[in-house]
Amino acid sequence: SGLFVLFLGLLVVPYVDGDLLRVEGFGVSGPRFEGAFNAFFLDYVFLVVGAMLAVNAISGDYMRIWADDVFSHRLLFVRSLPIPVGSLVAARAASMLFALPFTGPAFFLPAFLLSSLGDMGSGHVWFIGVWLGWSLLCAGMTLLCEFVLGRRAYLWFTAAFIVGIVVALISLGWAFEISLVARSADLVVEYGPLAAAVALLAGGGAFALLARLAVRLALRREIQR
């Protein structure tokens with residue numbers, strides 16, 4: 001998973017400076033389309049990859065999810081043991097938090113070392129903090145889905161989440177010409193560690209609340225054999 005995230009970090013480098021797509025012969029609309037496309041792809045990768053930084057996506061369980069309801073099977077087995085559901089959720093939450101110090105730098109550091117984001121200097125630490133807040137929120141959502149949803153519902157939720165991101169980015173990009181990555185960089189330049197602290201507190205709080213909700217709903221869920 002770490003190597004996969006590192007590859008994605010290298011993949012977004014050309015988009016940071018808008019160097020990948022060049023549009024010629026479209027008049028004044030050409031540069032606007034070029035900028036919008038590069039900004040859309042950059043925001044999309046940051047949002048989607050940020051959502052999976054706390055999840056061991058390249059693993060046997062996550063590969064099998066397309067063929068079987070592995071989460072229900074695991075929960076069914078553990079529920080048959082004298083182990084509280086709260087302990088199971090806490091263990092899964094701890095594994096997610098343990099992954100962030102490795103996957104976070106693996107994704108963000110290539111952009112700072114190889115693109116103009118490096119001009120932020122030490123501000124890149126606060127920039128990473130802002131996006132880790134998003135990762136914590138998404139980790140809480142993933143944790144809740146793993147313990148509450150079945151395979152089909154989980155896949156539908158994932159598809160709806162990705163489509164929602166695409167629709168939101170298209171709306172922001174074309175209607176308001178807003179780039180989330182650029183705006184987060186501006187916030188870091190203007191507010192420094194305060195921006196990162198607010199994002200981390202908000203994301204961490206949401207993660208804790210969603211974990212507690214996962215425990216309550218998992219206790220009520222009937223697992224079919």
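**Going through the model**

Biologist: Phe98 to start with: buried or exposed?

Modeller: Phe98 is exposed, at 56% relative accessibility. Buried means under 20% relative accessible area, exposed means over 50%, and partly exposed is in between, with a 1.4 Å probe and protein chains only.

Biologist: What sort of model is this?

Modeller: It is a predicted model, in which local features need pLDDT of at least 70 and side-chain atom pairs count only at pLDDT 80 or more, while totals for chains, interfaces and linings use all residues. Residues are numbered from 1 along each chain as its sequence is written, and side-chain values use heavy atoms, with hydrogens and water left out.

Biologist: How many aromatic pairs turn up in the whole structure?

Modeller: The search finds 10. Rings of Phe, Tyr and Trp (its six-membered ring) pair if their centres lie within 6.5 Å; planes under 30 degrees apart count as stacked, over 60 as edge-to-face and the rest as tilted. One of the pairs is Phe98 with Phe102, which is tilted, at 5.3 Å centre to centre with 50 degrees between the planes.

Biologist: Where do Phe98 and Phe102 sit relative to each other in the chain?

Modeller: They are 4 residues apart in helix H6 (residues 85-114), which puts about one helical turn between them. Helices are DSSP runs of H or I with at least four residues, strands are runs of E with at least two, and both are numbered from the N terminus.

Biologist: And Phe102, buried or exposed?

Modeller: Phe102 is exposed, with a relative accessible area of 53%.

Biologist: What about the pair of Trp134 and Phe161?

Modeller: Trp134 and Phe161 are stacked, at 6.3 Å centre to centre and 15 degrees between the planes. Trp134 belongs to helix H7 (residues 123-148) and Phe161 to helix H8 (residues 151-176), so this pair ties together parts that are 27 residues apart in sequence. Trp134 is partly exposed at 21% relative accessibility, and Phe161 is partly exposed at 23%.

Biologist: Which residues do ring pairs link into a cluster?

Modeller: Phe46, Phe107, Phe108, Phe127 and Trp131.

Biologist: Now the helices. How do H6 and H7 pack?

Modeller: Their axes are 9 Å apart, at an angle of about 145 degrees. Axes here are lines fitted to C-alpha atoms over the stretch in contact, and angles run from 0 to 180 degrees between N-to-C directions.

Biologist: Which residues meet there?

Modeller: On the H6 side they include Leu88, Met96, Gly104 and Phe108, and on the H7 side they include Phe127, Trp131, Ser135 and Ala139. Contact means heavy atoms within 4.5 Å.

Biologist: While we're in H7, is Cys138 buried or exposed?

Modeller: Cys138, which is found in H7, is buried, with a relative accessible area of 3%. Not counting residues up to four places away in sequence, Cys138 touches Ala51 and Phe161. Cys138 and Ala51 are 87 residues apart in sequence, yet their C-alpha atoms are 5.0 Å apart.

Biologist: And what does Thr103 touch, beyond its neighbours within four places in sequence?

Modeller: Thr103 is in contact with Val5 and Leu53. Thr103 lies in H6 and is buried, with a relative accessible area of 7%.

Biologist: Switching to H9. Which of its residues are buried?

Modeller: Val181, Ser184, Ala185 and Val188 are buried in H9. Seen down the axis, the buried residues of H9 fall within an arc of 100 degrees, so they line one face of the helix. The arc is that of the directions from the helix axis to the C-beta atoms.

Biologist: What happens just after H9?

Modeller: Gly192 takes a positive phi of about 60 degrees there.

Biologist: Then H10. Where is Gly205, and what is its accessibility?

Modeller: Gly205 is in helix H10 (residues 193-220) and is partly exposed, at 31% relative accessibility. The C-alpha atoms of Gly205 and Leu137 are separated by 8.3 Å, while the two residues are 68 apart along the chain.

Biologist: Last one: how many helices and strands in the chain?

Modeller: The protein chain has 10 helices and 0 strands. Of its 225 residues, 43% count as buried. Among contacts in the chain with a separation of 6 or more, 80% are between residues 24 or more positions apart.
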